[in-house]
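Welcome! Take a moment to look over the sequence and turn the model around on your screen. Then we can walk through it together, one topic at a time.

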Amino acid sequence: MNIYLATLLPEALLVDLPEIDAQHEEIFNRIEWLKTACFDSGYVPIDEFQSLLDLFALHFATEERIADEAGLDFTHHAGVHGDTLRLLHRALGEVLSGGQDAHSFLRYAECWFERHIREDDRLFVAALQSGNYIPSRRQQTVASHCFSAQA
Ligand SMILES: [Fe+2]
């Protein structure tokens with residue numbers, strides 16, 4: 001799959017942690033690509049929907065790793081991640097069985113993610129920054145790779 005879309009993240013959704021902002025943008029890009037693919041052809045590319053859920057899982061694991069490295073209590077936030085992944089997998093199953101349409105699934109995923117960034121991730125990053133959190137070298141490398149790949 002060849003995905004390239006211009007930056008979709010409005011400034012209000014930037015959390016000022018490059019690795020996380022890059023992942024947020026990649027997920028929004030994937031959702032937008034899937035919307036276009038479904039609208040254009042009426043076909044639901046199941047593998048691409050699954051890969052969207054894989055991106056969510058990777059992103060949640062990244063936040064959980066960063067919180068762990070910083071020694072933050074991430075129990076509640078990680079619980080939200082787990083509940084959401086279960087819900088998204090169940091909803092995707094409904095799409096596959098014809099019980100829910102793909103566009104509703106994508107709109108739900110997009111709205112949920114935007115709210116999660118505004119309400120949960122911003123608090124998480126604020127907690128990191130208040131503790132003088134310094135990203136590890138690995139995080140800096142991953143983040144710069146993501147941004148250079150988009151240039
Ligand atoms: Fe999160």
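Among contacts in the protein chain between residues at least 6 apart in sequence, what percentage join residues at least 24 apart? The figure is 72%. Keep in mind that this is a predicted model.

**The chain overall**

- The protein chain contains five helices and zero strands.
- Of the 151 residues in the protein chain, 40% are buried.

**Helix 1 with helix 2**

- Two packed helices are described by the angle between their axes and the distance between the axes.
- Helix 1 covers residues 18-41 and helix 2 covers residues 46-70; their axes come within 10 Å and cross at roughly 170°.
- Because of that angle, helix 1 is roughly antiparallel to helix 2.
- The crossing of helix 1 and helix 2 is left-handed.
- From helix 1, the residues that meet helix 2 include Ile-20, Gln-23, Ile-27, Leu-34 and Cys-38.
- On the helix 2 side, Phe-49, Leu-52, Phe-56, His-59 and Thr-62 are among those taking part.
- Sorted by class, the residues of the contact of helix 1 with helix 2 are twelve nonpolar, five polar and six charged.

**A closer look at Gln-23**

- Gln-23 sits in helix 1.
- Is Gln-23 buried or exposed? Its relative accessibility is 12%, so Gln-23 counts as buried.
- Setting aside residues up to four places away in sequence, Gln-23 touches Leu-58, His-59 and Thr-62.
- Although Gln-23 and Thr-62 are 39 residues apart in sequence, they are 9.2 Å apart in space, C-alpha to C-alpha.

**Helix 3 with helix 4**

- Helix 3 (residues 75-97) packs with helix 4 (residues 102-130) at an angle of about 175°, and their axes are 11 Å apart.
- That angle is why helix 3 is roughly antiparallel to helix 4.
- Helix 3 brings residues including His-77, His-81, Leu-88 and Val-95 to this contact, while those from helix 4 include Phe-105, Trp-112, His-116 and Phe-124.
- The contact of helix 3 with helix 4 has twelve nonpolar, four polar and two charged residues.

**A closer look at His-81**

- His-81 belongs to helix 3.
- With a relative accessible area of 1%, His-81 is buried.
- Leaving aside neighbours within four places in sequence, His-81 is in contact with Phe-60, Glu-63, Glu-64, Phe-74 and His-116.

**The nonpolar core**

- In soluble globular proteins, nonpolar side chains tend to be buried together.
- Here, the largest nonpolar core has 35 residues, and those with the most contacts inside it are Phe-49, Leu-52, Phe-56 and Phe-105.
- Helix 1, helix 2, helix 3 and helix 4 each supply at least two residues of this core.
- Which helix gives the most to this core? Helix 4 does, with ten residues.
- Phe-49 is in contact with Leu-34, Cys-38, Val-44, Leu-92, Ala-102, Phe-105 and Leu-106, leaving aside neighbours within four places in sequence.

- Most residues other than glycine have a negative phi, and most peptide bonds are trans.
- Asp-16 has a phi near 70°, a positive value in a residue other than glycine.
- You can find Asp-16 in the segment before helix 1.
- Asp-16 is exposed, with a relative accessible area of 58%.

Methods: Residues are numbered from 1 along each chain as its sequence is written. This is a predicted model: local features need pLDDT of at least 70, side-chain atom pairs count only at pLDDT 80 or more; totals for chains, interfaces and linings use all residues. Side-chain values use heavy atoms; hydrogens and water are left out. Axes are lines fitted to C-alpha atoms, for helices over the stretch in contact, and angles run from 0 to 180 degrees between N-to-C directions. Helices (H or I, at least four residues) and strands (E, at least two) are DSSP runs, numbered from the N terminus. Angles under 35 degrees count as roughly parallel, over 145 as roughly antiparallel, 65 to 115 as roughly perpendicular and the rest as oblique. Contact means heavy atoms within 4.5 Å. Ala, Val, Leu, Ile, Met, Phe, Trp, Tyr, Cys and Pro count as nonpolar, Asp, Glu, Lys and Arg as charged, and the others, Gly among them, as polar. Buried means under 20% relative accessible area, exposed over 50%, partly exposed in between (1.4 Å probe, protein chains only). A crossing is left-handed if the near helix is turned anticlockwise from the far one by less than a right angle, and right-handed if clockwise. A nonpolar core is a set of buried Ala, Val, Leu, Ile, Met, Phe, Trp, Tyr and Cys residues joined through side-chain atoms within 4.5 Å.
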